[in-house]
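Dear colleague,

I am handing over the structure below, and I would be glad if you kept it open while you read the notes that follow.

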Amino acid sequence: MVSITLHRAALAVAVGALVPALWHAAPTSAAAPPAAAVPGPGQPAPDDEGGEPQPPPGVVFVEVTPGTVEPGYLVGIRASCHDNSIPATVVSDAFGRVQVQPQQGLLRAAPMVRDRTRPGSYRVKLECPDGATASTALQVVKKVKPSPGPHTGFGGTAGGGLPGGLLVPGGLALTIAGAVVGIVAARRPRGVAGS
């Protein structure tokens, strides 16, 4: 009777250790795709090709994304002239003179901010073929060197706890230990009472 109880206890320990290990190792299902954005009142509807709003015809503008960047990084230019079927020019001291090309109903380019560009605010000017212009600003910030992490010893806990890769081996070790204890307890010879 004692042997059966010990065997059940060992089995419970093994299952208890194995379930969390299998739970963390199980693949997760793919996330559902986000719902399409619905334009609010007064906002232009997205176009069929790129999914971003199109400006009303005849609007001249230029946008730079991101608006703040370090030297040596690319920026995206999105612009519009009265006629977006022909290229236009965008000029800035941050990246020089670039040609924006027709793409999905707008004019686009992706220039790189020069490595030697000093921190500051730079004008970005669109020059359309018909003489229309528009401008915006690009903020260039000082290049930040990555700092080394804190010196905490072995580094295992520097990331904020145990790495996820240790959960499965740890659970497996507990499972094996529980099984060994159960087998040893079940096979141990019992003495006769009163001798």
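Let me begin with Asp115, which counts as exposed at 56% relative accessibility, where exposed means over 50% relative accessible area, buried means under 20%, and partly exposed lies in between (1.4 Å probe, protein chains only). Please keep in mind that this is a predicted model, in which local features need pLDDT of at least 70 and side-chain atom pairs count only at pLDDT 80 or more, whereas totals for chains, interfaces and linings use all residues. Residues are numbered from 1 along each chain as its sequence is written, and side-chain values use heavy atoms, leaving out hydrogens and water.

Asp115 forms a salt bridge with Lys143, their closest N and O atoms being 3.9 Å apart; the term stands for a side-chain nitrogen of Lys or Arg within 4 Å of a carboxyl oxygen of Asp or Glu. Because Lys143 lies in the loop between S8 and helix H2 (167–187) and Asp115 in the loop between S6 and S7, the pair ties together parts that are 28 residues apart in sequence. Lys143 is partly exposed, at 45%.

A search of the whole structure finds three salt bridges. Another joins Glu63 to Arg78, with 2.9 Å between the closest N and O atoms, and since Glu63 lies in strand S1 and Arg78 in strand S3, this pair ties together parts 15 residues apart in sequence. Glu63 is partly exposed at 36% relative accessibility, whereas Arg78 is buried at 17%. Arg97 and Glu127 also form a salt bridge, at 3.5 Å, and they link strand S5 with strand S7, 30 residues apart.

Turning to the overall fold, the protein chain has two helices and eight strands, these being DSSP runs numbered from the N terminus (helices H or I, at least four residues; strands E, at least two). The eight strands form an open sheet in the order S1-S3-S6-S5-S4-S7-S8-S2, with mixed pairing, where two strands pair if DSSP finds at least two bridges between them. S1 and S2 are the edge strands, each pairing on one side only. S7 (residues 120–127) and S8 pair in the antiparallel sense over eight bridges, and the hairpin that they form has five residues between the two strands, with Gly131 in the turn showing a positive phi of about 95°. By contrast, S2 (residues 68–69) and S8 (residues 133–140) run parallel and are joined by two bridges.

The structure holds one disulfide, meaning a pair of cysteine sulfur atoms within 2.5 Å. It joins Cys81 to Cys128, with an S to S distance of 2.0 Å, and so links the loop between S3 and S4 with the loop between S7 and S8, 47 residues apart. Cys81 is buried at 3% relative accessibility, and Cys128 is buried too, at 8%.

Finally, the largest nonpolar core has 24 residues, and those with the most contacts inside it include Val100, Leu126 and Leu138; such a core is a set of buried Ala, Val, Leu, Ile, Met, Phe, Trp, Tyr and Cys residues joined through side-chain atoms within 4.5 Å. Among the residues that Val100 touches are Ile77, Val90, Leu107 and Leu126, not counting residues up to four places away in sequence, a contact being heavy atoms within 4.5 Å. In soluble globular proteins, nonpolar side chains tend to be buried together.

With best wishes
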